[in-house]
Amino acid sequence: MSGQKVWTTGAHLAAFGMLLARTNWDVPKHRGITYFALPMRQSGVEARPLRQMNGRASFNEVFLTEARVPHANVIGEAGGGWAVALATLAHERGLATARLAAVPPRGQGRTAREASAEAAEYAKTYEWYPQRAGRPDVVPSQARATGKDGDPVVRQDAARLAALERVARWNVERARAGRAAGRPPGPEGSLAKLCGSEIARAASRLHAAMTGAGAMLSGPASPLEGIVAEIIVSVPAGSIAGGTDEVQHNIIGERVLGLPKEPQVDVDVPFREVRTNVPRR
Ligand SMILES: Cc1cc2nc3c(=O)[nH]c(=O)nc-3n(C[C@H](O)[C@H](O)[C@H](O)COP(=O)(O)OP(=O)(O)OC[C@H]3O[C@@H](n4cnc5c(N)ncnc54)[C@H](O)[C@@H]3O)c2cc1C
């Protein structure tokens, strides 16, 4: 198969990619998509890392040029990839608050050491993710360090942030309890993701307000060794990656609050006939 996909996290290190490809153009858009486990280490796959504002390169543009996928790597039914994708995304959103870290070696042998080194290399992709989450954990210490801990507005915003974080944690715990009871992940993942974006933005605003113009400086000699600047440039990513805030609002509106579905004009027409501004094959 041939094509291109932007923003693929960790593709430069991955052995497999989750690939959703349209395999049938003559059925409505939610059908005719197939979910594949794509072997990444082949000549038909090129991952080009994207350099980010914070200097890191966790995401990639992936180019497929006649890439091959064994038939056994189809996940679920051919043409039934939408349902598998929804399950994947519900799990991803449920993980919104999880921390990814390097795994210590389990054993002394070469295999254990190499596996641990590989996991450590992979974990580097995510080492700035705490900044992307806004670092609410360092708000109190920064308030003291910047001398803003007596400022009534900072105190009020910090208290609001702490309350929001506490509520978000209860939501995550409720989701975990559901998982432990054998229930599949549901729309609570969207609540967790949306809360995560809100918390990150609120924390970023507070860091900027407490630090002042120095928040724009990066590098080891700048506020919190450049972490404040990294928070400010990284936080917007969380409102897009894994599904935008607007899409989470829709899911919560429709699946939690039972509000009417948003109007859709193209759910019953073959994908080939869906109106678009790009030329169709
Ligand atoms: C930092 C980052 C990391 C990412 N990592 C990955 C990754 O690892 N793997 C991967 O596959 N993808 C990844 N993505 C892609 C990401 O999932 C998409 O960018 C995201 O889901 C939005 O889709 P889109 O870019 O097609 O925007 P669009 O869907 O075109 O949306 C454009 C705008 O329209 C709004 N919009 C769209 N539909 C609706 C609607 N129904 N109702 C209201 N508003 C709507 C959106 O909220 C947005 O503001 C990443 C993106 C970023 C920024």
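I began with A221, which counts as exposed because it has 8 C-beta neighbours inside 10 Å; the cut-offs are 20 or more other C-beta atoms within 10 Å of a residue's own for buried, 12 or fewer for exposed, and partly exposed in between, with C-beta atoms placed from the backbone. A221 sits in the loop between α6 (188–211) and α7 (227–234), where helices (H or I, at least four residues) and strands (E, at least two) are DSSP runs numbered from the N terminus.

I noted two points of method. Residues are numbered from 1 along each chain as its sequence is written. The model is predicted, with local features needing pLDDT of at least 70 and side-chain atom pairs counting only at pLDDT 80 or more, while totals for chains, interfaces and linings use all residues.

Next I turned to the ligand. Of the 13 residues around the ligand, the nearest are W7, T9, A241, T244 and E246, a residue being near if its C-beta atom, placed from the backbone, lies within 6 Å. The elements giving two or more residues to this shell are β1 (3–9) and α8 (245–256). I read the shell as six nonpolar residues, six polar and one charged, with Ala, Val, Leu, Ile, Met, Phe, Trp, Tyr, Cys and Pro taken as nonpolar, Asp, Glu, Lys and Arg as charged, and the others, Gly among them, as polar. Domain 1 (1–81) and domain 3 (133–256) each contribute at least three residues to the shell, the bounds coming from an automatic or database domain assignment.

I then looked for nonpolar cores, meaning sets of buried Ala, Val, Leu, Ile, Met, Phe, Trp, Tyr and Cys residues joined through C-beta atoms within 7 Å. The largest has 24 residues, and those with the most contacts inside it include V139, L161, A192 and I199. At least two residues of this core come from each of α4 (139–145), α5 (152–180), α6 and α7, and α6 gives the largest share, 10 residues. A second, separate core of 10 residues has A14, L19, F36 and V62 among its members.

Last, I looked at the whole protein, which has eight helices and six strands and whose C-alpha atoms fill a box of roughly 65 × 55 × 45 Å along the principal axes. Of its 281 residues, 26% count as buried.
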